[in-house]
Amino acid sequence: CCSLSSCDMDLTPETNIATDESVRNVGDCEKYSNLFHAEWRGYIQGSIAATELVQSGQVVATSDYGNTYGAYYRWDFQITDGTVQSCWSSNYNYIANANLLIQKAALLLEDPQISDADKQQIKLYMGHAYFSRAMAYRELALHFCKDYNPSTAASEDGVPLVDTYNPGPNAEPYPGRSSLQETYQHIVNDLTKAEEYVTTAGVVNSTKITADVVQVLKARVALDMEDYTTAANVAQALISKGTYTLISDPAQYKEMWLNDTGTEAIWQFYMELKNEEGPTALGSMLSGIIDKFARPSYMASKKVTDLYDTENDIRYGAYFKTDTIDAQTVPDFVGTYCNKWPGNPALYTGKPNNMNKTKAMRISEMYLLGAEAYAKAGNEGAACGLLNDLRKARISGWTDQTYSGDALMKEIQDERTRELFAEGFRFSDMKRWGIGFSRSVAEDAPVANYVATQGNDLTKDASDHMWVWPIPKDEIDTNPQIKGQQNEGY
């Protein structure tokens, strides 16, 4: 365990028995699997993803934003910031729960009283735990470490690695930081175990962790590590198997985002009306539906919206809406805001609530990931092929184009914005690409008089230390092994 906040927040899922007694049979293992899914449903595209988007420079704060995520918009957050603490403690909670299940389930596999059929199910749930732990360590590395460079990773700071569930106030077992190379090797090892144990075949719109879900994470990690051959091969394999197909019809694409249907989602979380209370953090931030009109806290910058062919790109009509803005600080006006989460009618009664099933993984990402990996590996023909295939599905009348060198990478980067805007990718993309941003009211504000009074004019280059978040103060104060290991600049 890594801090009191990381350990003591561990709760036994759906039961009141002591945690050490909470994994006694296959049913208990299933409860932990459900817990892993619930954890990621709450995390992916939640407040941390919203914070990343604000920090990335792709949105402009409106005069109604009320300082929501303001410290990240202005780039003046501190080691005591709640989002920093939440990212750290949440992921270590997920790791602790995974550790508990892995430990206890391993003992069940040795129990002669448990049937072979149940043991197979237990292995599946252990696979979910290995996958969840790999996801959590990657999230920690993406936020609290520098970008992975194979030539320097052995000497760069990673995060503390914890493989055993051992809650309690004793600080002695708390580890210090591993190297970044060790952190990523741990992630790779966990994914190897997940590949072995998660044998569930992938299906469209799966609500569960499947073999294909594991492969998507494997591709992401390989791209992080500049293992371009593995990244390209895994992405291409997922595309080639044909289980998930790109939508090219504008009405069907819009329907995918409204009613959570379609043929593209590899992992889409289960949601039902009785359990849903409000929108994702991203939906709330970008639409802020109050009664019948929008009141966004942030609007996409003109640099983002200008990337779209508004007439022919089916994504523009699905992601953005032009309608009355219910402004409080200026008179109401007609403006364009991000409406990527319009609210699934099956998840609300009465007015829309911006609640849609989170699409954690989509096949279109694999086209873009594969294109980037091919480009970096020098196979520009294959990169252009995947890029053109995606564009032919998204842009009516698209004809194949050939790019090379820096121009090819720029096209891939722009296409990731068009396809994945506001889905939680931009922050880590910018770190991986080594790019900064410049934001100004004159160039970026979609509505000149509907902007925040501070922080709009800002330039941050790729070398700024705040692309790496600080180790939270609570962890520094609690864990004696991590003292003196704070990130640069904090």
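Is W469 buried or exposed, and what is its relative accessibility? Select W469 and you will find that it counts as buried, at 0% relative accessibility (buried means under 20% relative accessible area, exposed over 50%, and partly exposed in between, with a 1.4 Å probe and protein chains only).

Before we go on, a word about the model. It is a predicted one, in which local features need pLDDT of at least 70 and side-chain atom pairs count only at pLDDT 80 or more, while totals for chains, interfaces and linings use all residues. Residues are numbered from 1 along each chain as its sequence is written, and side-chain values use heavy atoms, with hydrogens and water left out.

**Stop 1: the aromatic rings**

The structure holds 30 aromatic pairs (rings of Phe, Tyr and Trp, the last by its six-membered ring, pair if their centres lie within 6.5 Å; planes under 30 degrees apart count as stacked, over 60 as edge-to-face and the rest as tilted). In the pair of Y72 and W469, the ring centres are 5.5 Å apart and the planes stand at 55 degrees, so the pair is tilted. Y72 belongs to helix α4 (residues 70–74) and W469 to the loop between β8 (458–460) and α19 (473–478), so the pair ties together parts that are 397 residues apart in sequence. Helices (H or I, at least four residues) and strands (E, at least two) are DSSP runs, numbered from the N terminus.

Next, select W88 and Y92. Their ring centres are 5.1 Å apart with planes at 55 degrees, so this pair is tilted. Both residues sit in helix α5 (residues 82–109), 4 residues apart, about one turn of the helix, and both are buried.

Now widen the selection to Y72, W75, F77, W88, Y92, Y137, F144, F427, F437, W467 and W469, which form one aromatic cluster.

**Stop 2**

Go to N67, in the loop between β1 (59–61) and α4. N67 counts as partly exposed, because its relative accessibility is 42%. Its phi is near 65 degrees, a positive value in a residue other than glycine. Y69, found in the loop between β1 and α4, has a positive phi of about 60 degrees, although it is not a glycine. For context, most residues other than glycine have a negative phi.

**Stop 3: α2 beside α6**

Show helix α2 (residues 26–43) and helix α6 (residues 116–144), whose axes come within 9 Å and cross at roughly 25 degrees (axes are lines fitted to C-alpha atoms, for helices over the stretch in contact, and angles run from 0 to 180 degrees between N-to-C directions). That makes α2 roughly parallel to α6 (angles under 35 degrees count as roughly parallel, over 145 as roughly antiparallel, 65 to 115 as roughly perpendicular and the rest as oblique). The crossing is left-handed (the near helix is turned anticlockwise from the far one by less than a right angle; clockwise would be right-handed).

For the side facing α6, pick residues of α2 including F36, W40 and Y43; among their partners in α6 are Y125, H128 and M135. The residues of this contact divide into 10 nonpolar, 6 polar and 4 charged (Ala, Val, Leu, Ile, Met, Phe, Trp, Tyr, Cys and Pro count as nonpolar, Asp, Glu, Lys and Arg as charged, and the others, Gly among them, as polar).

While you are in α6, click on G127. G127 is buried, with a relative accessible area of 0%. Leaving aside residues up to four places away in sequence, G127 touches A194, Y197 and V198 (contact means heavy atoms within 4.5 Å).

**Stop 4**

Select helix α14 (residues 363–377) and helix α16 (residues 405–420): their axes come within 10 Å and cross at roughly 165 degrees. That makes α14 roughly antiparallel to α16. By class, their contact has 8 nonpolar, 1 polar and 6 charged residues.

Finish at G397, in the loop between α15 and α16. G397 counts as exposed, because its relative accessibility is 68%.
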